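Reader: Could you walk me through this model, starting with the charges and then moving on to the fold and its interior?

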Amino acid sequence: MKSNKPQQIGKAIHHGFFEPHPETTIELEQNKIYTIKTIDNLGYDENLDKHSDYLNPLSGPYSIGKIKDNCNTIAISIKNVKHTRNIGLSSSGLLPAHLSPPLKKPVLGEPITFWKLEDKLCNPIVDGQISPTISLTKSLMIGCLRCVDPIGTKPLSSLDADEHGGNFDCKLFKQGAVIFLPIIANNASFYFGDVHYCQSDGEVGGSGIEVTAEITFSAEPCINPIHTGLHVIIEGFIYFFGVARTIEEGITKAFSQGHEALTSKGISDKLTRLLLANGSQLKIIKLGFPNIVAVGIDSKYFR
């Protein structure tokens, strides 16, 4: 009988770009369950030892090997996400752009705020003391996930995002999610990184509560995805993403992908418009450049 116990993958070489590294790519078996480690956004591991000078250092690349020429998507099932350190790091508060002029304070470049992490809750450390006033619930999520860019092209940085993924800081990328990741040029390789203990919608503080983590997952090719764009199934909904210069453009892209996916399942244009107008969810994923939004639709309409 085949064992379902995850295979532990040892220390990864960390990178700052979603670029190919054939010499260090870790080959995975399709559908087999693996556990990998990530370091925090400043390059520190679970022992607070420094391993990378990149911001948002990526673990990988991982590859599921040769896939069929007509396959442009891989399905990544997130089985578990576990933080591996009892100290988290965050910015010192809301970014100034999100407050009125009298309330603006610099955040980026200010001293880091440390957090005491427990199994279910965390508290900030203020003036050398653990503050009981603020207590946040653990909601671990994967901040960076994307395919590898082709050889010979300029690779995306781990600080950036595009329609293929990247530094999404998406609270939907968590335990129980199945993420349908578009790939480029039939290259079924990808990176993980930047796990957060929790964060506000939109990553309005410029960071989440940054932690080291173990991610347990499996990956397989997906020949007939619901849509060719990046999407995720989680908690009974399918979410489509809009990545754009403005929030309005992102909303347009996300709703358009949802419309395309529903009509491809045989739902009429008229009923699709009614469903999107009255039965969808709209979430702010990230504010900044780019802006990212998601539109969620009940998965029962895609069965």
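**Charges, fold and interior**

Author: The mean positions of the 29 positive and 31 negative charges of the protein chain are 6 Å apart. Lys and Arg count as positive and Asp and Glu as negative, with His and the chain ends not counted, and the place of a charge is taken as NZ of Lys, CZ of Arg, CG of Asp or CD of Glu.

Reader: And what kind of model is it, and how are residues numbered?

Author: This is a predicted model, in which local features need pLDDT of at least 70 and side-chain atom pairs count only at pLDDT 80 or more, while totals for chains, interfaces and linings use all residues. Residues are numbered from 1 along each chain as its sequence is written, and side-chain values use heavy atoms, with hydrogens and water left out.

Reader: How many helices and strands does the chain have?

Author: The protein chain has two helices and 21 strands, where helices (H or I, at least four residues) and strands (E, at least two) are DSSP runs numbered from the N terminus.

Reader: What about the radius of gyration?

Author: The protein chain has a radius of gyration of 19 Å, which agrees with the value near 19 Å that a compact globule of 303 residues would have; the radius is taken over C-alpha atoms, and the globule rule is 2.2 Å times the number of residues to the power 0.38. Along its principal axes, the C-alpha trace spans about 60 × 50 × 40 Å.

Reader: What share of the residues is buried, and how much area is exposed?

Author: Of the 303 residues, 50% count as buried, where buried means under 20% relative accessible area, exposed over 50%, and partly exposed in between (1.4 Å probe, protein chains only). The chain exposes about 14700 Å², of which carbon and sulfur atoms supply 54%; these areas come from the Shrake-Rupley method with a 1.4 Å probe, and for residues only the protein chains shown count as cover.

Reader: Which residues have the most contacts inside the largest nonpolar core?

Author: That core has 52 residues, and those with the most contacts inside it are Ile76, Phe190, Phe192, Phe217 and Phe241. A nonpolar core here is a set of buried Ala, Val, Leu, Ile, Met, Phe, Trp, Tyr and Cys residues joined through side-chain atoms within 4.5 Å.

Reader: Take Phe192 then, what does it touch?

Author: Not counting residues up to four places away in sequence, Phe192 touches several residues, including Ile76, Ile78, Ile142, Cys144, Ile215 and Phe217.

Reader: And Ile297, where is it and what surrounds it?

Author: Ile297 is found in strand β21, residues 291–298, and it is buried, with a relative accessible area of 1%. Leaving aside neighbours within four places in sequence, its contacts include Phe237, Ile238, Leu262, Leu275 and Phe302. Gly236 is also in contact with Ile297, and although the two are 61 residues apart along the chain, their C-alpha atoms are separated by 8.6 Å.

Reader: Is Val293 buried or exposed?

Author: Val293, which is also placed in strand β21, is buried, with a relative accessible area of 2%. Beyond four places in sequence, its contacts include Phe240, Phe241, Ile247, Ile251 and Ile285.

Reader: Switching to the backbone, which peptide bonds are cis?

Author: A cis peptide bond joins Gly60 and Pro61, with omega about 0 degrees, and Pro61 has its place in strand β5, residues 58–63. A cis bond also joins Phe289 and Pro290, with omega about -5 degrees, and Pro290 is in the loop between β20 (281–286) and β21.

Definitions and conventions:
Contact means heavy atoms within 4.5 Å.
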